[in-house]
Amino acid sequence: MAKTVKNIYRAINAHKLRFLTIALVIAIGITSFNGMITAFVHMTRTYDQAFEDHNMASFTMQTANPGGSGEDAWIDYANLTKFLNEFQEQEPRVKAYELRIVHNTVFEIRGIRQNGQIVAMSTQDSGGNYRDQPDVNGYKIISGTPFPELSRYQNVCLVEAHLAEYWKLDPQEFIAIGDTSIPFEIVGVIGSPEYLINQGSFADIMPSPRRFGVVFLPLKAAQSLLGVEGRVNEISVLLKEGLSKNSREKIANNLKLFLETNYDLKLSESVDIDNQASYWLLRLDIEEAREFGIVLPIIILGMAMGGLYVLLGRMVVAERKDIGVAQALGYDRKTIILQYLGISMAIAVVGTIIGTILGLLFLSYFSPFYVDMLTIPFTPEVTIEWPIVIVGVIIGLLTGLVGGYFPVRGSIQALPAESLRFDPSLHITSGKIPLIERILNKFKIRPKVTGLRLPIRNFFRSKRRTFSSVFAIVVSVSLISMAFGMMESMDRSLTFYYDVSEDWDLRIDFSEIPTNASQIARTIKQKVAGVTDITYHLLSGAIVTSSESTQGKQVSLVGMNDSNGYLGHTFDFEAGDWNPDGIVLSVPVAEGLNVGLNDEVKLELPRLTKLVSTTPLRAHFELVNITFQINGIIDEFNGLVAFVGLDHLVEVSNFPGEPANTILLKIENPTPERLELIREEIKANYSYNIRNIATKAEQRGELLDLLDLLYNIIYIVAIFAVLLSCAIIYNTIYINLQEQQREIATLLTIGTSNRKLIRNVTVENTVITLLGTVFGLILGWIMLWFFMRVILDMEFFRIKLFISNNTIFTSFILTYIGVLITQFFPLRSALNLNLAEATKERVV
Amino acid sequence: MAFIELSDLSKEYSLGETKTVALDGIDLEINRGQLVILYGPSGAGKTTLLNMIGGLDVPNSGTVTVDEIPVSTLSAKWLTTFRKQKIGVVFQFFNLLSRLNALENIEYAIDLIGVKQSDGSTSFNGKIIREKAKEYLEKVGLKDRMNHFPAQLSGGEQQRVSIARALAKEPEILLADEPTGNLDYKIGRNVLEIMEAMTGKAQNRTVVIVTHNPAICPLGDRVVRLSDGKVAENYTQKYTPAKELYW
Amino acid sequence: MSLEGIVTLENVNRVYHMGDHEIHALKDISLSLETGKLVVVLGPSGSGKTTLLNVLGAIDKCDGKITVNDLEITRLGKKQLTKYRRKKCGFIFQFFNLLPVYNALENVEYAIELATNLSRKEVTERATEYLRKVGLFEKRFHFPSQLSGGEQQRVAAARAMAKSPELLLCDEPTGELSVNEGKKVLTVIQNMVKERSDVLTILVTHNQKIAAIGDTIVRLRSGEVDSIEEQTPIPAEQLSW
């Protein structure tokens, strides 16, 4: 036994570099597994802890018309407290509740206006005593202090971390809130479990802090800011732990019924914690991280397994003689298999150990890295998760076991005489003229025997050899093309989106919906020089449903106005065409709803029931379902989107006048300087109600910030890809030449020049690389599809898959360079062979 | 019944796509303790016959019986056991495991069966195995080279290690395939002397040596000449000691 | 005196290092051999006969001076040695060493194409002719794996001779063959010698009986020339061993 171990050790030692490359591949697999899966656990635990520590509401319920000003928009605080106490008595599962104001408004920070949300709650408990945290939906102070005791009537605020981070806001600074820009002093920066991810609603696909920020106010200050003294518009309820979603919803419905029947209040549907936008997105992100953490290591380890398979399969063939001797001595097949398995296991063990150590070392980087990329203001506690480490060790060892056992088992003969009689060069030769050559012969193309014919024959000499050579190239090319393809697909989708789909140069967003959009547009076009086209949109969230699917889809609905043929958006239709009477859906929405062209879908839209004022637009709405026919389906970057004609939308919504919340401008010769000038001009003359004027470059920049995580993942994949490729190519090319030593020696002996030999080997490897590249690109495409569509499947970003000619070329060239470098070493040793020895090596 | 009995043994094997008849109806009996020379030119089937006796190969037809064991009908598993317990092999090209040094090559063989202790038990203790391996290296006069790897040993030394490896298992049968084929005359004779000393009458060990060298024939108690897979001659003689051989 | 038609060795020495051992494979060998002859180098294993062949074929180095038809090969550089082997040496190895990916014809063509400037058609014609000479015309499209050992060795003989070498070097050409197969190979070699008076054939063997086919027998023992003997060769068909 001791000698067997020694033999394994020395076998490994003799091929250190080759074995090490495979061990490294395994190590990379295990490291990524440990790092990513542990990060997933850390994150999940951290956030669960955050939700628990800060009493994240089990459900929230708003007034029927929370944005409005009428009687169904606000409820009296004192009355509501009484009603809820009453309800709490009959429903003991209600642990706590909080009455708040949640209201969308406008902030002005450093002179720039933007959209935002204020969240306000009382700084006193029910007994009238000061408290620094609400009972439900608490927060974590990141810097500064909570609301001071005497701050009830002061204009102070707490800024949510994303907004603070974006603007680099610190305590003692001021932020102006509301249409009238009332200054509030910042006392602290907070992290809130409600806003772990900066997300207001599903409809906003780009929840950049520039477009959406959250500020917490004392209840009284908010009431006086909004002119709704003594009133609130939202109820957050914390239930006892461990209730199912079903029972939570039941309680929420009971509460709604209780308040509506007993006290004649009007409330909207409750939002369960599972459906809360930020919470939902967070879980989606974590889920994605987890899937990625499983799939990436599987792919890497799968390739390591392939590498081991090739390495050991060919090693056993090369050492057939030694195997015969061991068998002749009386070693049985099992022991010999075990011996080679020992080699592959040793590689796996080394790889697993390195991987596990690296995984543990990087642990404290992995999780914070993720969290940082998701911009979450809660730092995870980094701990070693032993079950994950153990699973990592097991899969690492399994890689060695599977990758080693099968090739070895297949290659050991039952009888020692067969092993001893064995000629490896015959084993790797089929003795046939390859098909390609026979085809060439048909066209009277016959390469010279001292020329191209040899590399062609060599290449096709045996299936197993061809397969493993091509395998190496396929691995390399597919990985590189996939990694580059990922980057390109992202870039191209974004570029297409901004260069073609989004057909505007400046975009004006209003804080209140004006009802005279066409007049504003006309004025701007007449007064501002350089505006060639102008149009306006009405954007809102909507839920699309169809009879084909039980699930609805949240989309941003764009009501498009056709201003003399200018839509502000250019469609890239998969099917159908634009028709202002129908609806255009994106592919993910259509797929999710299981509908196609000319099918009908229903849109849940607000319909105006009572107009309060037109400027600003204040009205009462009810939700209605309107049927639209699908006229077009588009596949573009913005995934959850639907387009309808503005006139049609206004008609079914019963809006007054010509409403719009966005105006899009096309500028002649849109240089940055020019855009800046026009932006200033519009700001100076039409500043009322304009929340933001953005250039395309700005919007694109915001989006790129958001896609950071995706890009980082892609870079990691690309680095792994190149490393893996080197390892596997090195192994295969090395063995290929090693197996042919005697033939090479013969060729040299009968007078083949070194140059010719190098040329032949190079040609053969070039053919291998070319052929492998073809299959590699196919596999690369499949893997790209798999990664982008299955793993990184986010319906709000649709990334069109794309691999450019450049990438095709680059993956070939990189691989080819790898091949040329690796062929150098074995070739050099072959050229320095002792010919006298090498030609006499006994084979039969 | 003779110790080794071969009857109507035939073997045909294919190399690449060509078929070769290696043995063509061999009948042969070898007694325990005999030193048999299997003599014949290349391609006569000597090695194949040796492989049959050692359970390294199986015939297409006919039977091999060794010590009443029907070798030719054993399953692969039992063949392994048979080789392990009964057979020691020496090859023309030494076939030492290149990654193990001289001593380890011998230990590798002893590892298989352990070392019989005086109380009848078998020990697999590494130290005991090492001692025994050393003892055998000493018998072939190579104790001072035990840490050398095959590549650092001359052909004759390699062959001596290989003999020590074959005999360290104390097999009942020693099979040697052209043991001197790749050695200089003097060294070759020295190898034969060692084989003679470590086998022969005193040890009651049966030895079969394959050679194409007629000068080695006198070493045997029995000489079997093979030609084209058939027994051409089969006679016993009074053997000549190895040191008197010359070629 | 012109050295045309003569191969000479002067004080040729070759010392190997094998581990800690020094093996004096060739000790001060001086020989002069004439072309048109079949020289059998006879000796037991380890006598240095293969080394002698190797240094003549320039696949092993040595000290001393070797001249092949006026060309002093011991003074040639690596590239020139390759050219020397390509143009002037034909090798027949003990283990055949045909290229397994090429059929018989292609194996022969390879050597011709390498050594000559003949057109493709002429190369094929000559290769075919030589395969006919060794009796393998019918099997010219067979791959090595489809040929018996003797047939492979005859292809190897055709490969060695087809390029019209000045030296034909045969290392135990029958070592792996049965008597019948071996005899056919030797016959082929003997016939080639008869045809070509400008070729010096050196055949290395340990088998005394085979020595009978040679014009000259050089006996080596422990790296030294034991004896040189001229004789009337016996046709290989008449041999038995």
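**Values and definitions**

Modeller: Helix α6 (residues 185–198) of chain B has 14 residues and reaches 20 Å from its first C-alpha to its last, close to the 20 Å expected at 1.5 Å a residue. This is a predicted model, in which local features need pLDDT of at least 70 and side-chain atom pairs count only at pLDDT 80 or more, while totals for chains, interfaces and linings use all residues. Residues are numbered from 1 along each chain as its sequence is written, and chains are lettered from A and ligands numbered from 1 in the order in which they are written.

Biologist: What makes 20 Å the expected reach of α6(B)?

Modeller: The expected span is 1.5 Å times one less than the number of residues. Helix α6(B) has 14 residues, and its reach of 20 Å is close to that expectation. Helices are DSSP runs of H or I with at least four residues, strands are runs of E with at least two, and both are numbered from the N terminus. Chain B holds 7 helices and 12 strands.

Biologist: Which residues of α6(B) are called buried, and what covers them?

Modeller: A residue is buried if 20 or more other C-beta atoms, placed from the backbone, lie within 10 Å of its own; it is exposed at 12 or fewer and partly exposed in between. In α6(B), B:Y185, B:G188, B:R189, B:N190, B:V191, B:L192, B:I194, B:M195 and B:M198 are buried. Their cover includes α4 (126–139), α5 (155–168) and β9 (173–177) of chain B. Over chain B, buried residues make up 53% of the 247 residues.

Biologist: Why does the radius of gyration of chain B agree with that of a compact globule?

Modeller: The radius is taken over C-alpha atoms, and the globule rule is 2.2 Å times the number of residues to the power 0.38. For 247 residues a compact globule would have a radius near 18 Å; chain B has 18 Å, therefore the two agree. The C-alpha atoms of chain B fill a box of roughly 45 × 40 × 40 Å along the principal axes.

Key:
Two residues are in contact if their C-beta atoms, placed from the backbone, lie within 7 Å.
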